Amino acid sequence: MNDRVHLTLEEVHEIAADALRAKGYSTRHARAIADTVTAAERDECASHGLFRIPFYVKALQEAGVSPDAEPVFRDLAPAVIRADAHFGFAPLTLQLGADPLERRARELGIAALAIVNAYNVAALWPEVERLAERGLVAFAFTAALQYVAPAGGTRPVYGTNPMAFAWPRAGRPPLVFDQASSASARGEIQIHLRDGRPLPEGWAIGPDGEPTTDPATALAGAQLPFGGHKGAAIALMVELLAGALVGDVFSFEAHAKDAGRVGAPCGGEFMIAIDPARCTGDGDRGAQLAHAETLFAKVLEQDGTRLPSDRRYRARERTPTEGVTIPGSLHDTLRGYIDG
Ligand code: NDP
């Protein structure tokens with residue numbers, strides 16, 4: 001077995017889609033999931049790349065995931081569209097939801113997409129970046145599973161609850177940030193466990209409530225919010241937006257359904273899209289975008305700074321020609337799905 005296997009991005013997409021189809025996903029779901037996995041590998045976000053395919057497969061075998069659910073969209077209000085993913089994974093709903101959300105945001109200035117019954121183990125930057133590439137400002141929020149202790153507590157209540165934000169830029173890719181409200185994404189802890197590396201301090205506590213750098217103890221205990229009570233407040237907000245607001249579950253309720261077997265939460269996602277041209281009296285988008293650039297330039301004039309998403313965009317310059325490498329064991333697992 002090779003330690004690392006080299007793949008082009010086309011091969012990444014092909015092995016992901018073939019593995020998902022071989023395990024029972026419809027072509028539409030397999031393609032949509034393979035798109036997000038390939039985007040993650042392209043941007044060197046390994047914890048949301050091919051590493052995730054076994055989660056998607058296990059979720060189909062052990063959780064109540066639909067392999068072929070077609071999302072259903074319904075207007076709840078002029079500016080609010082509901083998307084019922086019908087227990088499929090989120091990427092297909094997010095791809096299909098982008099057009100109606102964009103249309104409403106342009107008509108009304110601001111619009112929301114309230115997604116329910118979606119399984120989600122992906123990063124959120126693809127959905128906000130997609131809208132910002134079309135000139136919109138975008139937010140996305142999703143709750144997850146009960147992994148994170150509230151500030152001052154020792155037992156998990158919140159999910160790792162990411163939120164993402166994207167801002168369109170003239171002549172360059174959007175500015176995007178996408179961050180968990182925990183000190184780290186859970187996938188990072190799983191990757192540390194796989195690679196036998198200790199965690200950085202401050203990521204987690206063990207079942208005894210004591211700080212730990214051991215990945216297995218951390219996974220059995222609780223993750224910590226980033227920045228103490230401030231990250232915990234964001235986790236709380238995300239629970240409310242992606243749970244109570246859209247009419248879906250909180251992380252602790254999703255955990256009861258998943259029973260910790262698969263780690264694929266089923267629940268809601270809330271997205272907001274804003275047409276920047278409708279937010280100033282004169283609708284001068286050029287001035288808005290140029291003004292934003294002065295802020296970015298001010299940040300970047302200091303050594304040691306960078307903008308969120310710049311790391312991904314730098315990776316994106318390399319990987320389409322250089323390809324990526326993945327662990328040989330992961331490659332064997334994916335080939336095993338395909339070859340039966
Ligand atoms: P990181 O802490 O790695 O990064 C968070 C953000 O900060 C990124 O936008 C990153 O940009 C930016 N950033 C990092 N370092 C700097 C810096 N020095 N200067 C400026 N910006 C910086 O992400 P997390 O570990 O919090 O989350 C990882 C992923 O996990 C997210 O994509 C999230 O959506 C996903 N996730 C998904 C969940 C789900 O249930 N679906 C649950 C929890 C997390 P860049 O990308 O350029 O490095």
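Visitor: Before we start, what do buried, exposed and partly exposed mean here?
Guide: Buried is under 20% relative accessible area and exposed is over 50%. Whatever falls in between is called partly exposed. Keep in mind that this is a predicted model.

Visitor: Okay, then is E44 buried, exposed or partly exposed?
Guide: E44 sits in the loop between helix 2 and helix 3. Its relative accessible area is 39%, and the in-between class runs from the 20% cut-off to the 50% one. So E44 is partly exposed.

Visitor: What is the phi of E44 near?
Guide: Most residues other than glycine have a negative phi. E44 isn't a glycine, yet its phi is positive. The value is near 55 degrees.

Visitor: N117 has a positive phi as well; is N117 buried or exposed?
Guide: N117 is not a glycine either, and its phi is about 55 degrees. Its place is in strand 4, residues 110–119. With a relative accessible area of 16%, which is under the 20% cut-off, N117 is therefore buried.

Visitor: Let's get to the ligand. Which pocket does its space take up?
Guide: The shell around the ligand counts 22 residues, and the closest are A122, D178, A180, S309 and R311. As for the space taken by the ligand, that is the largest pocket.

Visitor: Which element gives the most to the shell around the ligand?
Guide: Two elements each supply at least two residues of that shell: strand 7 (172–179) and helix 11 (310–322). The top contributor gives four residues, and that is strand 7.

Visitor: How many residues of the shell are nonpolar?
Guide: Sorted by class, five shell residues are polar and five are charged. The nonpolar count is twelve.

Visitor: How far is an N or O atom in the side chain of D178 from an oxygen atom of the ligand?
Guide: For context, a polar side-chain atom of N120 lies 3.3 Å from a nitrogen atom of the ligand. The side chain of R306 has an N or O atom 2.9 Å from a ligand oxygen. For D178, the separation from a ligand oxygen is 2.5 Å.

Visitor: What share of the ligand's exposed area does the protein bury?
Guide: Start with the ligand taken alone, which exposes 930 Å². Of that area, the protein buries 72%.

Visitor: One on distances: how far apart in space are R194 and A216, C-alpha to C-alpha?
Guide: R194 lies in helix 6, residues 186–195, and is partly exposed with a relative accessible area of 40%. R194 and A216 are 22 residues apart in sequence. In space, their C-alpha separation is 9.9 Å.

Visitor: Last one: what separates the C-alpha atoms of R134 and P265?
Guide: R134 is in the loop between helix 5 (125–132) and strand 5 (137–142), and at 28% relative accessibility it is partly exposed. Along the chain, R134 and P265 are 131 residues apart. Their C-alpha atoms are separated by 29 Å.

Terms used:
Residues numbered from 1 in each chain as written. Predicted model: local features only at pLDDT ≥ 70, side-chain atom pairs only at ≥ 80, totals over all residues. Heavy atoms only, no water. Near = heavy atom within 4 Å. Polar contact = N/O pair within 3.5 Å; in protein donor to acceptor, adjacent residues only side chain to side chain. Areas by Shrake-Rupley, 256 points an atom, 1.4 Å probe, with all protein chains shown as cover. 1 Å grid on protein atoms, 1.4 Å probe; cavity = no way out; pocket = protein on both sides within 12 Å on 5 of 7 lines; lining within 4 Å. Sits in = over half its atoms within 2 Å of the grid points. Nonpolar A, V, L, I, M, F, W, Y, C, P; charged D, E, K, R; others polar. Buried < 20%, exposed > 50% of the residue type's maximum accessible area, 1.4 Å probe, protein only.
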